[in-house]
Amino acid sequence: MNRPSISSFPRSFAVAFLLVVIAAILAPPSAIAKELKGLRVIYVGSERADEFVEFLKPHVAAIESVDRDAFKPADAEKFDVVLLDWPQSGSARMERTDTSPLGMRKDWGRPTVLLGSAGLNLACAWQLRGGSGCTCLDPVAYDLKSHPIFESPFPIDRTATIAIDTPSSFQDDMDEKSIDVIPVVDDYEKNWKAGWCTYSTAFDVYPDVEFFCGGVNHKTPIAAAIWRQGNLMHFGFEQSPVEMNDTGNRMLLNAIAYISNFSEDRPIAITPSVFVGPRARPRSTVASWLKNPDRASWVERMVTPELWQTIQSQGNADAMAAWAESQTPYLTTDPESKLTIDEDLLEIQMGFDDPRFLESTIEGLSADDKDTVARAARLLARYVPDGPSSGTADDWQEWHQENKPYLFATDYGHYRWYVDPLAKKRAIPTLQLRGADRMDRN
């Protein structure tokens with residue numbers, strides 16, 4: 001049968017067709033997801049190796065296991081994905097203060113799934129975003145996002161939910177009498193071992209973070225159960241494949257397949273965990289907690305004595321909360337991780353994460369007034385540690401011009417500005433390089 005040529009179509013269609021072809025040729029290379037059945041996987045753990053190995057055998061190209069204590073980072077070189085199983089224990093609490101089974105954070109580039117409490121332990125050791133949360137995650141998924149991770153290689157029916165009474169811990173944040181959930185075990189009402197969920201507040205600030213679903217827990221409805229941070233997939237449910245139902249196992253397999261595509265991305269921010277040592281709370285916490293008089297003592301413990309005295313002098317609870325809210329942009333952390341007022345920020349009436357902060361402060365380096373120059377230098381040294389070491393106005397202008405599209409600031413990660421390395425490498429603004437767009441490119 002003769003096929004019609006382009007010339008046989010209307011001229012407008014032919015032109016449109018050619019434009020599409022040209023656009024496809026000129027477009028940057030796109031990410032192509034790896035197939036699960038072609039992956040080489042290694043399980044690093046000491047407790048449930050047989051269960052994971054037997055489960056994965058039919059699904060991946062190769063699966064091996066190694067005892068956590070015997071594992072060396074070089075062992076992962078021939079594998080596409082690492083599964084780290086590192087449960088909480090007395091020894092784990094000692095180890096995670098300064099080491100991890102995977103070695104040093106700066107040296108680790110292998111796509112990795114963190115099973116259950118491995119997400120907490122590694123976050124503590126590496127100062128990752130996942131070090132704040134709760135070991136209170138039930139094997140019940142909640143709030144599954146519309147995302148490719150639930151579409152392949154095994155489709156997850158996000159509408160196949162059951163209704164349960166809204167957990168008491170969720171009731172302060174929602175009025176609904178019930179919520180729709182998807183159990184990842186058959187008997188979800190059984191007393192299961194709790195998994196690790198991470199508080200997801202301000203996740204959207206981080207270009208290297210994706211939130212896939214939460215889970216029923218004893219703290220908050222916005223805690224994340226399955227989420228990605230650079231080349232790390234946090235799979236917070238504690239149950240092994242033999243304990244999970246088909247849906248739970250499909251979620252695990254999809255998580256392995258998805259993270260295999262992220263060897264270029266990395267966790268960016270440095271975020272100390274409250275479980276290892278003192279950690280400064282985000283600035284908004286002060287005003288938020290002061291609105292609840294029962295939490296005033298919590299605020300007292302998180303701020304300097306001088307700041308607490310100033311807060312108390314405002315009068316009643318409403319006045320204290322209102323004053324704190326007005327001062328939130330000027331809060332910073334002191335060497336002991338207590339919150340205090342940064343007098344330099346107060347002087348310029350601008351928070352360190354204000355979009356105008358960098359340009360305005362860099363301009364201050366060229367001011368005629370020595371006090372303005374000194375203040376600008378202090379602010380840049382304090383909040384932009386990745387800036388030029390020379391500190392001259394010209395060097396800062398050049399640095400800012402080079403990195404401006406790739407910068408973001410957060411008070412969840414050491415109160416500072418960060419450069420997004422992957423965005424800079426690809427010359428794509430960090431605000432546009434999010435989620436699946438951060439996959440490896442061929």
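Biologist: Which residue does Lys 145 form a salt bridge with?

Modeller: In this predicted model, Lys 145 pairs with Asp 143, and their closest N and O atoms are 2.7 Å apart.

Biologist: What about Arg 416, which residue does it bridge to?

Modeller: Arg 416 goes to Asp 386, with 2.6 Å between the closest N and O atoms. Arg 416 sits in strand β16 and Asp 386 in the loop between α12 and α13, so this bridge ties together parts that are 30 residues apart in sequence.

Biologist: How accessible are Arg 416 and Asp 386?

Modeller: Arg 416 is buried, at 12% relative accessible area, while Asp 386 is partly exposed at 40%.

Biologist: Which residues are linked in a network of salt bridges?

Modeller: That network links Glu 210, Arg 228, Asp 265, Asp 420 and Arg 438.

Biologist: Let's stay with Arg 438. Where is it found?

Modeller: Arg 438 is in the segment after α14, which covers residues 421–426. Its relative accessibility is 0%, so Arg 438 counts as buried.

Biologist: What does Arg 438 touch?

Modeller: Leaving out residues up to four places away in sequence, the contacts of Arg 438 include Pro 207, Asp 208, Phe 262, Ile 268, Leu 422 and Arg 426. Its network partners Arg 228, Asp 265 and Asp 420 are also touched by Arg 438. Leu 433 is another contact, and the Arg 438 side chain reaches the backbone oxygen of Leu 433 at 3.0 Å.

Biologist: How far apart are Arg 438 and Ala 423?

Modeller: They are 15 residues apart in sequence, and their C-alpha atoms are 8.5 Å apart in space.

Biologist: Switching to helices. Which residues of α12 are buried?

Modeller: In α12 the buried ones are Thr 372, Arg 375, Ala 376, Leu 379, Leu 380 and Tyr 383. They cover an arc of only 130° around the axis, so they lie on the same side of α12.

Biologist: Why would spaced-out residues point the same way?

Modeller: An α-helix has 3.6 residues a turn, so residues three or four places apart point the same way.

Biologist: What's on the other side of α12?

Modeller: There you find Lys 370, Asp 371 and Ala 381, which are exposed. The buried residues of α12 pack against β13, α10, α11, α13 and β16.

Biologist: What happens at the start of α12?

Modeller: A side-chain oxygen of Asp 369 comes to within 3.1 Å of the backbone nitrogen of Asp 371. As for length, α12 has 14 residues and reaches 20 Å from first to last C-alpha, close to the 20 Å expected.

Biologist: And α5, what span should its 14 residues have?

Modeller: At 1.5 Å a residue, α5 (residues 246–259) should span 20 Å, and its end C-alpha atoms are 20 Å apart, so the two agree.

Biologist: How many residues of α5 are buried?

Modeller: In α5, 11 of its 14 residues are buried, so call it mostly covered. Met 251, Leu 252, Leu 253 and Tyr 258 are among them. At the start of α5, a side-chain oxygen of Asn 245 reaches to within 3.1 Å of the backbone nitrogen of Thr 247.

Biologist: Where is Thr 285 placed?

Modeller: Thr 285 is in helix α6, residues 284–290. Thr 285 is buried, with a relative accessible area of 11%. A polar atom of its side chain lies 2.9 Å from the backbone oxygen of Pro 282.

Biologist: Strands, then. Which strands are joined to β10 by bridges?

Modeller: β6 is joined to β10 by 2 bridges, running antiparallel, and Tyr 142 has Gly 214 in β10 as its bridge partner. β11 is joined to β10 by 5 bridges, also antiparallel, with Phe 211 opposite Trp 227 of β11.

Biologist: How many residues of β10 are buried?

Modeller: In β10, 6 of its 7 residues are buried, which leaves the strand mostly covered.

Key
Residues numbered from 1 in each chain as written. Predicted model: local features only at pLDDT ≥ 70, side-chain atom pairs only at ≥ 80, totals over all residues. Heavy atoms only, no water. Salt bridge = Lys/Arg side-chain N within 4 Å of Asp/Glu carboxyl O. Helix = DSSP H or I, 4+ residues; strand = E, 2+ residues; numbered from the N terminus. Buried < 20%, exposed > 50% of the residue type's maximum accessible area, 1.4 Å probe, protein only. Expected span 1.5 Å × (residues − 1). Polar contact = N/O pair within 3.5 Å; in protein donor to acceptor, adjacent residues only side chain to side chain. Arc of directions from axis to C-beta. Contact = heavy atoms within 4.5 Å. Pairing = 2+ DSSP bridges.
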